[in-house]
Amino acid sequence: MAKDLRADEKNIIFSKRPHQLLKTAPPFLFIDKVHEFDSEQKILLCSKQVGYNEPYLAGHFPGEPIVPGVLLIEMAAQASALLLIALNNTGFEEGYLVRTKDFSFYNAAIPGSCLMIKVQLQEHTGNFLTTKAIITFKGEKKKAAKGEVVLFLR
Amino acid sequence: MIDIARVKAVIKEDILIKRLELEDITPEEIEDNTPLFGEGLGLDSVEALDVVAGIEQIFGVKLQGISPEEFKKHLYSVETLAQFVVHKGDNQEAS
């Protein structure tokens, strides 16, 4: 991962922050920070700190806050959009989630969890971008989720 | 050499009708030059992914990694898709 790091530092993915690059905004921004980008392996690693005051936790579930699986998928989708931006090293890219494949949820993400979202490009066919995502807990080997997403690029 | 008429029949029956679950249409009613997307057969753009997966599974021909322009060109109709399969299939057999 360390390879070519200095060159990658010039990438827009590091000079700007996720909220400046993604179309989504809080409370629907689910990436806090991009940590690593490997242009050869086409991998992006980013994180999301789950806060105690995330609005959806009040209802999912009352008294037992757990990040919904669909939002873990959304994290994978947002990370994939950032991967595309990093690969092209351009500004805004418009990608829409059109398919999810084989998502599994392993361990519950709760307030205080720091989620590490790693996405890797699988294929880019026509206007469709397929990525493989794995979400783990920072400093642990435990997985939160794994699966694939397909974005349609406009 | 793959028989193009056979390829077209498989695309219509096994991919378009069975895999994509097109209803109210028979293979005979699908014209070779009818556009697959938009007007014509009216497939949704996301269904292109299922067509690509079907082509790979049945014919062993990969469309993965092609540019948006090539993608549109080859997935325009049964005719263009069959031509792609036949020529790409020839190349892959030769290599």
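**Cysteines, backbone and fold**

Mentor: A search of the whole structure finds 0 disulfides over all chains. Please keep in mind that this is a predicted model.

Trainee: Is A:C46 buried or exposed?
Mentor: A:C46 is buried, and its relative accessible area is 0%.

Trainee: Turning to the backbone, which residues does the cis bond at A:P27 join?
Mentor: That cis peptide bond joins A:P26 and A:P27, with omega at about 5 degrees. A:P27 sits in the chain A loop between α3 (18–21) and β1 (33–38).

Trainee: And what is the peptide bond from A:H60 to A:F61 like?
Mentor: The bond from A:H60 to A:F61 is cis, and its omega is near 0 degrees. A:F61 is placed in the loop of chain A between β2 (43–49) and α4 (69–88).

Trainee: What about phi at A:K42?
Mentor: A:K42 is not a glycine, yet its phi is positive, at about 60 degrees. This residue is found in the loop between β1 and β2 of chain A. With a relative accessible area of 33%, A:K42 is partly exposed.

Trainee: Where does A:D102 lie, and what is its phi?
Mentor: A:D102 lies in strand β3 of chain A, residues 95–105. Phi of A:D102 is near 50 degrees, again a positive value in a residue other than glycine. A:D102 counts as exposed, at 73% relative accessibility.

Trainee: Changing topic, how many helices and strands has chain B?
Mentor: Chain B has 4 helices and 0 strands, giving the pattern α-α-α-α along the sequence. Its radius of gyration is 12 Å, close to the 12 Å given by the globule rule for 95 residues, so chain B is as compact as a globular protein of that length.

Trainee: How much of chain B is buried?
Mentor: Of its 95 residues, 39% count as buried. Chain B exposes about 5300 Å², of which carbon and sulfur atoms supply 48%.

Trainee: And where are the charges of chain B, on average?
Mentor: Chain B carries 9 positive and 20 negative charges, and their mean positions are 6 Å apart.

Definitions and conventions. Residues numbered from 1 in each chain as written. Chains lettered and ligands numbered in written order. Predicted model: local features only at pLDDT ≥ 70, side-chain atom pairs only at ≥ 80, totals over all residues. Heavy atoms only, no water. Helix = DSSP H or I, 4+ residues; strand = E, 2+ residues; numbered from the N terminus. Rg over C-alpha atoms; globule rule 2.2 N^0.38 Å. Buried < 20%, exposed > 50% of the residue type's maximum accessible area, 1.4 Å probe, protein only. Areas by Shrake-Rupley, 256 points an atom, 1.4 Å probe, with all protein chains shown as cover. Lys, Arg positive; Asp, Glu negative; His and termini not counted. Charge placed at Lys NZ, Arg CZ, Asp CG, Glu CD. Disulfide = S-S within 2.5 Å.
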